[in-house]
Every structure is written in C-alpha cells, then in structure tokens.
Amino acid sequence: MVEAPRHFQKAEEKLAKAQRELSRKKKGKSGRKKARLKVAKLHRKIANQRKDFHHKVARRLVNAYGTIVHEDLNILALSRSYVAKGIHDAGWAAFLQILAYKAEEAGRRVIKVDPKYTSQDCPVCGHREKKPLWVRAYTCPQCGALLHR
Ligand SMILES: [Zn+2]
C-alpha cells in the first residue's frame with residue numbers, strides 16, 4: 001500500500017486559494033497578472049511533485065518485485081463514466097508509463113489484467129464477494145485470509 005504524500009494535499013489547498021484570489025481580480029488590473037502567475041507556478045509545482053512521486057514509487061516497485069501486475073487501464077476507462085475518475089486515471093496512466101519503462105530497463109515482467117472483480121475475488125481461495133466501498137479491510141469468509149481492498 002502506498003499513501004499519497006501529504007505535501008500534495010497542502011499544495012492543492014494553496015492552489016485552490018490562489019485560484020479563488022485570481023477569480024476575484026478585475027480584468028486588466030496589474031494585480032490580476034500577478035495572481036495568474038501564482039496559479040501557473042503552483043500548477044507547475046504540483047505537476048513536478050506528482051512526477052517525482054511517480055518515479056519514486058515505480059523505482060521502489062521495480063527494485064522489490066520481479067513481476068508487477070496492474071489493472072488494464074483501457075478496460076478500466078471503458079467501465080467508468082464520470083469525470084472525476086477520468087482525472088484520477090490521467091495521473092494513473094502517467095504513472096504506469098513510468099513504471100513500464102523502469103520495469104523494462106530492469107528486466108521485470110509487467111502484466112495487465114482485466115480489472116473486473118479485482119476487488120471482489122479473494123487472491124488466496126478465489127471466493128468472490130462484492131463489498132461496499134467503505135470496507136477497506138476484509139476477512140475472507142471462505143478461507144479467513146485478511147485482505148485490503
Ligand atoms: Zn479466501
């Protein structure tokens with residue numbers, strides 16, 4: 001399990017604040033240009049932080065595992081329709097690209113799987129059960145394996 005770093009959240013809060021300030025500035029005023037530059041700068045900073053984070057996680061995975069399995073994003077995208085997920089998937093796609101080339105460089109195997117049932121099937125015994133989204137940790141009723149969603 002990998003947690004997103006705290007500084008993302010902080011930078012995103014700053015960006016939201018800067019965007020609110022920008023929307024309050026009148027067009028043509030010098031203060032507006034400054035506010036716009038601030039927003040652009042924060043966007044760049046967040047993009048760089050995200051890229052850096054992607055590289056670190058990919059490096060860690062490639063160093064630790066010989067085979068890496070992930071959900072096939074193309075199939076995943078087809079099964080989703082709302083916009084927020086699309087934005088999330090864009091970051092995920094960028095990460096998978098970095099992971100793919102680092103894995104290839106290191107001679108690791110990367111396997112894409114159909115995302116269908118990946119959060120429902122027990123990897124130990126194969127028992128399939130649909131869980132509500134709020135269930136993060138789960139004990140398989142069939143084999144007793146303790147699993148994270
Ligand atoms: Zn099981």
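User: Let's start with Gln 120. Which residues does Gln 120 touch, not counting those up to four places away in sequence?

Analyst: In this predicted model, Gln 120 sits in the loop between β2 and β3. Setting aside residues up to four places away in sequence, Gln 120 touches His 127, Arg 128, Glu 129, Lys 130 and Lys 131.

User: Is Gln 120 buried or exposed?

Analyst: The cut-off for buried is under 20% relative accessible area. Gln 120 has a relative accessible area of 17%, so the call is buried.

User: And Ser 119, what's the relative accessibility there?

Analyst: Ser 119 is also a residue of the loop between β2 and β3. Ser 119 counts as partly exposed, and its relative accessibility is 26%.

User: Which backbone angle of Tyr 117 is positive, and about how big is it?

Analyst: Tyr 117 belongs to the loop between β2 and β3, and it's partly exposed at a relative accessible area of 32%. Most residues other than glycine have a negative phi. Tyr 117 isn't a glycine, yet its angle is positive: phi, at about 70°.

User: On to the metal. Which atoms hold the zinc ion?

Analyst: The donors follow the spacing C-x2-C-x14-C-x2-C along the chain. Each lies 2.3 Å from the zinc ion, and the protein donors are Cys 122 (SG), Cys 125 (SG), Cys 140 (SG) and Cys 143 (SG).

User: What is the arrangement of the four donor atoms around the zinc ion?

Analyst: Four donors count as tetrahedral if all angles lie between 85 and 135 degrees. The ideal for four tetrahedral donors is 109.5 degrees. Around this zinc ion the donor atoms subtend angles of 107 to 112°, so the arrangement is tetrahedral.

User: How many residues apart are Cys 125 and Cys 143, and where do they sit?

Analyst: Cys 125 is partly exposed at 35% relative accessible area, and Cys 143 is partly exposed at 36%. Cys 125 is in the loop between β2 (109-113) and β3 (137-139), while Cys 143 is in the loop between β3 and β4 (146-148). The pair links distant parts of the chain, and the separation is 18 residues.

User: Zooming out, in what order do the elements of the protein run?

Analyst: The protein has four helices and four strands. Of its 149 residues, 26% count as buried. From the N terminus on, the order is α-α-β-α-α-β-β-β.

User: Which element gives the most residues to the largest nonpolar core?

Analyst: That core has twelve residues, including Phe 8, Phe 53, Ile 68, Leu 96 and Leu 99. At least three residues come from each of domain 1 (1-64) and domain 2 (65-114). With five residues, the top contributor is α4.

User: What does Leu 96 contact, leaving aside its neighbours within four places in sequence?

Analyst: Leu 96 is in helix α4 and counts as buried at 10% relative accessibility. Its C-alpha atom is 10.0 Å from that of Val 110, 14 residues away along the chain. Leaving aside neighbours within four places in sequence, the contacts of Leu 96 are His 70 and Leu 73.

User: Which residues does Lys 38 contact beyond its neighbours within four places in sequence?

Analyst: Lys 38 is found in helix α2 and counts as partly exposed at 44% relative accessibility. The C-alpha atoms of Lys 38 and Glu 21 are 9.8 Å apart, although 17 residues separate them along the chain. Apart from neighbours within four places in sequence, Lys 38 is in contact with Ala 18 and Glu 21.

User: Last one: which element has the lowest mean pLDDT?

Analyst: The protein averages a pLDDT of 85, and 89% of the residues score at least 70. Where pLDDT is low, the predicted coordinates should not be read in detail. β2 has the highest mean among the elements, at 93, and the lowest, at 65, belongs to helix α3 (residues 73-78).

Key: Residues numbered from 1 in each chain as written. Predicted model: local features only at pLDDT ≥ 70, side-chain atom pairs only at ≥ 80, totals over all residues. Heavy atoms only, no water. Donors = N, O, S within 2.8 Å, 3.2 Å for Na, K, Ca; no water. Tetrahedral: all angles 85-135°; square planar, octahedral: opposite > 155°, others 65-115°. Helix = DSSP H or I, 4+ residues; strand = E, 2+ residues; numbered from the N terminus. Buried < 20%, exposed > 50% of the residue type's maximum accessible area, 1.4 Å probe, protein only. pLDDT = per-residue confidence, 0-100. Core = buried A, V, L, I, M, F, W, Y, C linked by side-chain atoms within 4.5 Å. Domains from an automatic or database assignment. Contact = heavy atoms within 4.5 Å.
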